[in-house]
Amino acid sequence: MDYNLYYGVKSNRLLIVSNRAPEFTTAVKNTLPGVFVVRYNYDTSSLDDIISKIDDKMQHRKVKSIAILMHSDETQFYICSTNDKVLNGDSLIDDPDINYFMKSLSDYCHRGSSRLDFFNSRLASNCVKYQLCLALRQLTQCDVGIWPDLMGEEYNGELYFNSSDIRPTKTALDGYQRIRTVGKGAFGVATLYRNTNKNNLVVIKQINMLDMTAQERQLALNEAKVLSLLNHPNIISYYGSFEMDGVLMIEMEYADGGTLAEYLIGRNTNLLPERQILEMFLQMSEAIQCIHQRNILHRDLKTTNVFLTKQRKVKLGDFGISKIMTTKLQALTVVGTPYYISPEMCEGKQYDQKSDIWALGCILYEMTSLQRTFDASNLPALIHFITKENFAPIPLCYSLNLKKLVNDLLQKDPLRRPDANYLVETVPDFIDFITDSNWIQESSELELSNDDLLNRSVVYQFSSPTNLTPVQLPFRIQIVQLAVSQTHFVALTSDYSIFTWGEDKHGQLGHGEETPWKNDPQCVVLLLDKHITQVGAGQHFSVFVSSTGLVMTTGDGKYGALGHGDWNSVSRPKLIDFLLKVDVVKISCGNYHLAVLTNEGQLYTWGRGNYGQLGLGNLQDCCFPILVNLPFNDKITSIQCGPDCTAVITDNQNVYACGLNKCNKLGLNRPSLFKLK
């Protein structure tokens with residue numbers, strides 16, 4: 001018997017489909033004759049169940065290629081819910097069941113020219129796709145493709161599907177360029193996109209409705225409903241919503257200054273000027289007045305839901321659990337963040353708009369004291385403090401008006417709290433009454449004192465082994481970071497300007513030209529509006545990191561240190577596309593390599609790897625950032641590159657290093673990531 005004959009048609013393909021895969025019915029309906037189809041239930045099947053189904057279908061037959069349809073997110077494929085089995089670069093290495101499962105799939109393929117294709121993938125990063133493909137190729141000895149639709153960029157879908165019926169069409173997200181994830185919540189992921197038609201940045205909150213209960217779906221739909229009713233300069237603007245493959249997309253305004261919580265954390269112990277506090281509080285009050293006039297309760301006011309623009313304009317957002325009061329009855333459901341919930345909510349009593357006023361008072365207190373109004377190590381203790389105890393006084397430097405305002409907002413009895421209308425009428429008078437003799441108005445997030453304004457930074461260079469020569473810097477600039485290499489200098493000032501000087505043969509100074517040398521520091525005009533907060537300098541290249549975690553490089557691309565996916569040089573700062581999907585918080589340069597740390601503790605490296613300094617387990621150069629597969633479970637908190645080595649410190653105070661160990665300078669015995677003893 002010819003086992004390659006299936007229903008009278010010669011068969012060389014196998015299609016494996018999860019019932020949770022996007023467009024799985026379309027895929028199965030339009031499968032070409034002769035393609036083996038194995039369908040399984042994601043919620044009830046195990047890995048062994050899937051292999052058994054394939055065995056029953058194949059009966060020892062072999063195919064040239066296998067197509068796989070599973071649902072996925074930005075980082076991984078979901079194979080089955082039994083034991084929560086997912087497919088990503090880590091699980092291939094760390095989970096023997098996943099390793100065996102993928103190896104078993106490849107056993108159904110002919111050796112030599114077989115392939116695996118994953119269709120309708122939502123893996124967002126080319127770097128993630130590349131690493132997963134590379135790992136699968138090494139394991140299965142098959143060519144591997146990961147495609148965003150049912151056709152694939154090389155139309156490999158035509159091997160399995162009727163292309164005339166499923167050829168890609170324009171989708172709801174055409175016209176949007178994905179930038180990066182900006183937030184994750186209980187009901188979805190908020191992603192930053194560029195609207196290519198309008199050339200503006202927007203946030204699209206993506207909520208997977210398929211995985212939700214009816215109550216959770218109602219909460220998710222509620223945000224779109226509430227936002228559509230509101231139009232106010234201090235409320236995040238609503239641009240529209242739509243559904244795609246079971247995912248609710250809510251398009252809204254992007255506030256480019258982060259959240260109030262992040263801003264307050266960045267202050268450390270530096271108190272805010274009273275005028276600034278009241279001006280921001282007035283904007284919040286006007287937003288609350290707007291929603292209360294429409295009989296809407298926010299019910300989750302907190303500093304993480306107060307967004308800011310870079311000009312510190314307030315934007316109130318996150319209306320996911322807001323309640324529209326359709327009658328005069330008060331609300332009963334206890335919702336919200338524990339630190340900001342009112343005494344009446346803690347006691348299970350009815351509540352109304354005055355609970356939002358209480359939360360507003362907690363935010364105002366946090367702005368004055370840089371700490372929560374009430375705090376405790378457990379929920380019962382917190383409820384006790386909220387309902388029975390008094391809060392600590394705000395700092396003495398603030399006026400009696402501000403102290404009275406805080407006290408009025410945080411009255412235990414809701415009837416004694418003012419409403420939003422009163423706040424909007426009264427707070428402007430408080431602002432007018434302020435004298436600025438004790439406060440300096442900020443012009444940036446880097447606070448300057450009176451003495452600072454009269455001072456300036458001075459940088460000296462060694463003109464000879466014994467002589468120091470001052471660098472001719474512009475008058476009254478203050479340098480907050482200085483990066484130095486053997487070829488050039490990069491300075492970051494308190495107003496986020498970048499000055500560079502030194503050798504510029506490879507465009508490392510970032511002025512859009514290549515010249516032998518620049519003696520005097522010059523401002524990099526191309527970076528003036530980029531809000532740069534970190535700089536670095538390697539041999540013949542420079543790197544810049546913005547406050548939003550974007551990374552740009554300029555200079556010599558010989559060893560791939562620019563991270564642009566090629567070996568070319570550039571003479572003006574260019575964005576590293578491979579890092580758009582992550583939020584970089586720390587960067588460090590070696591002579592010819594770089595390492596970056598993300599806000600999630602991930603380590604990416606690229607550039608020259610001749611001594612193993614990239615920590616990738618090989619000695620190869622790499623021209624784009626690669627996620628380092630760490631041989632430990634600690635979270636990285638700090639990174640540092642030497643000329644030809646890299647070291648990291650973890651949250652458990654462990655130190656790991658890799659790279660050139662000449663004279664045992666790293667205390668290691670081979671170029672790979674090891675813990676220092």
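**Sheet, cores and confidence in the predicted model**

Strands S3 (residues 13-18) and S5 (residues 65-69) run parallel and are paired over five bridges. Within that pairing, leucine 15 sits opposite alanine 67 of S5. Both strands belong to an open, five-stranded sheet with parallel pairing, in the order S4-S3-S5-S8-S9. At its edges are strand S4 (36-40) and strand S9 (143-146), each of which pairs on one side only. On average, neighbouring strands here are turned by 15 degrees against each other, ignoring direction. Helix H2 (residues 47-58) lies across S3 and S4, and runs at about 155 degrees to S4.

Now for the nonpolar packing. The largest nonpolar core takes in 55 residues, and Leu260, Met284, Met367 and Leu405 are the ones touching the most other members. Helix H9 (residues 274-293) is the top contributor to this core, supplying ten residues. As for methionine 284, setting aside neighbours within four places in sequence, its contacts are Leu260, Val306, Val314, Leu360, Ile363 and Met367. A separate core of 35 residues lies apart from this one, and includes Ile66, Cys80, Cys142 and Ile146.

How far can the coordinates be trusted? This is a predicted model, with an average pLDDT of 82 over the chain and 83% of the residues scoring at least 70. Residues 1-10 stay under 50, and the model gives them 19 contacts beyond four places in sequence. The pLDDT is also below 50 over residues 437-454, a stretch with 37 contacts in the model beyond near neighbours in sequence. Where pLDDT is low, predicted coordinates should not be read in detail.

How values were computed
Residues numbered from 1 in each chain as written. Predicted model: local features only at pLDDT ≥ 70, side-chain atom pairs only at ≥ 80, totals over all residues. Heavy atoms only, no water. Core = buried A, V, L, I, M, F, W, Y, C linked by side-chain atoms within 4.5 Å. Buried < 20%, exposed > 50% of the residue type's maximum accessible area, 1.4 Å probe, protein only. Helix = DSSP H or I, 4+ residues; strand = E, 2+ residues; numbered from the N terminus. Contact = heavy atoms within 4.5 Å. pLDDT = per-residue confidence, 0-100. Pairing = 2+ DSSP bridges. Axes fitted to C-alpha atoms, helices over the stretch in contact; angles between N-to-C directions.
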